[in-house]
Amino acid sequence: MAAIIEIKNVTKEFKVLNRREGLKGSLKDLFSRDYKIVRAVDDISMDIQQGEIVGYLGPNGAGKSTTIKMMTGVLEPTSGKILVGGNVPYENRTKNAQEIGVVFGQRSQLWWALPLIESFKILKDIYGISDKNYNDMLALYKSLVDIEPLLHKTVRQMSLGQRTLSDILAAFLHDPKIVFLDEPTIGLDVSMKAKIRTLIHSLNREKNTTVILTTHDMGDVDALCQRIVIIDKGKMLYDNDIEHLKGFFGSYRTLKIRMDGDLKANAEKVKTELPEFSVSADDEWISVLVDEERAKVIDVLGMLQKSYDIRDMQLEEISTEEVIKKIYEEGVK
């Protein structure tokens, strides 16, 4: 069966002016032909099947947004081939738009001064949704989340979480084959994040919609994604499932210790004593990421006990967030 998204050896380059400093430099730049070529996406390939939820991850500036803009038809690749639902997105933008849904950050596609139900009716007409399909989707929404209080509320009166929830419902309204979600839970509280993750998972399961998710929140990744694709500096670093990802760093454990005094100040001291390990602190624990191929956790703990009065400790497997952070820093070996 053909993949719903096919990306083959795609590269995207931008011509960027080499700018000069100061007013004189700005005036000279008006007539300058001194350009450099920046490769935002560098020869990436992947196939995505219908119904997958794929986490498309990478640090800021990695090339994620450029890739998504090519998949949605906003940008044309410099070289390579993209097919989305059998269409070349930048050649068939209208047809491609009919088959995809998009939620980009906090840029709402809803009408600010209208009640949510009126925005839904406008989208129904824009996408040519039949009365039956429209009513079926509203019935599905009502079975998944309590949207009755929102339907007659104007978008400008909604909280950030309510607006994000409504935007996701709007993106799925015309039953697209693919939905692109860019940082859907950014800025939300824990309760609303959980509600939105449940909604996305339920819509994916009920409608078999393919979801491409970009996020820096590893809670989103753990809760939703069966597969992770990691990109950095335009190059693909990883394409597989989460468990396989953790296998790259299976020798890592997180040693968490609690001690008296200012934890952040003590963490800085621990960093100087253990320069080869990653050390961080929150309000309760100092965390030391230990590579057991280089040092045993018990030895690191013993070393710390000589210098500090440790009141409590925990040992955890490496988290998805730490794994991905290390891949950003070191790549996949």
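**Exercise 1.** In which helix is the place of Ile126?

*Solution.* Keep in mind as you look that this is a predicted model. Start by finding helix α4, which covers residues 116-127. Ile126 has its place in this helix. Next, look at the surface: Ile126 forms a nonpolar patch there with Trp111 and Leu114. Together, these residues have about 250 Å² of accessible area.

**Exercise 2.** Describe how the axes of helices α7 and α8 are arranged.

*Solution.* First locate α7 at residues 160-172 and α8 at residues 190-207. Their axes come within 10 Å and cross at roughly 5°. Angles under 35 degrees count as roughly parallel, so α7 and α8 are roughly parallel to each other. Now see who makes the contact: α7 brings residues including Gly161, Leu165 and Phe172, while α8 brings, among them, Met192, Ile196 and Leu203.

**Exercise 3.** Find Asp217 and work out which residues it is in contact with, leaving aside neighbours within four places in sequence.

*Solution.* Go to the loop between β7 (210-214) and α9 (218-224), where Asp217 sits. The contacts of Asp217 are Thr185, Lys193 and Arg197. Finally, zoom in on Lys193: its side chain and that of Asp217 are joined by a polar contact of 2.7 Å.

Key: Residues are numbered from 1 along each chain as its sequence is written. This is a predicted model: local features need pLDDT of at least 70, side-chain atom pairs count only at pLDDT 80 or more; totals for chains, interfaces and linings use all residues. Side-chain values use heavy atoms; hydrogens and water are left out. Patches are made of residues with over 30% relative accessible area and no salt bridge: like charges are joined within 9 Å, nonpolar side chains (Val, Leu, Ile, Met, Phe, Trp, Tyr) within 5 Å. Accessible areas come from the Shrake-Rupley method with a 1.4 Å probe; for residues, only the protein chains shown count as cover. A salt bridge is a side-chain nitrogen of Lys or Arg within 4 Å of a carboxyl oxygen of Asp or Glu. Helices (H or I, at least four residues) and strands (E, at least two) are DSSP runs, numbered from the N terminus. A polar contact is a pair of N or O atoms within 3.5 Å; within protein, one must be able to donate a hydrogen and the other to accept it, and residues adjacent in sequence count only if both atoms are side-chain atoms. Contact means heavy atoms within 4.5 Å. Axes are lines fitted to C-alpha atoms, for helices over the stretch in contact, and angles run from 0 to 180 degrees between N-to-C directions. Angles under 35 degrees count as roughly parallel, over 145 as roughly antiparallel, 65 to 115 as roughly perpendicular and the rest as oblique.
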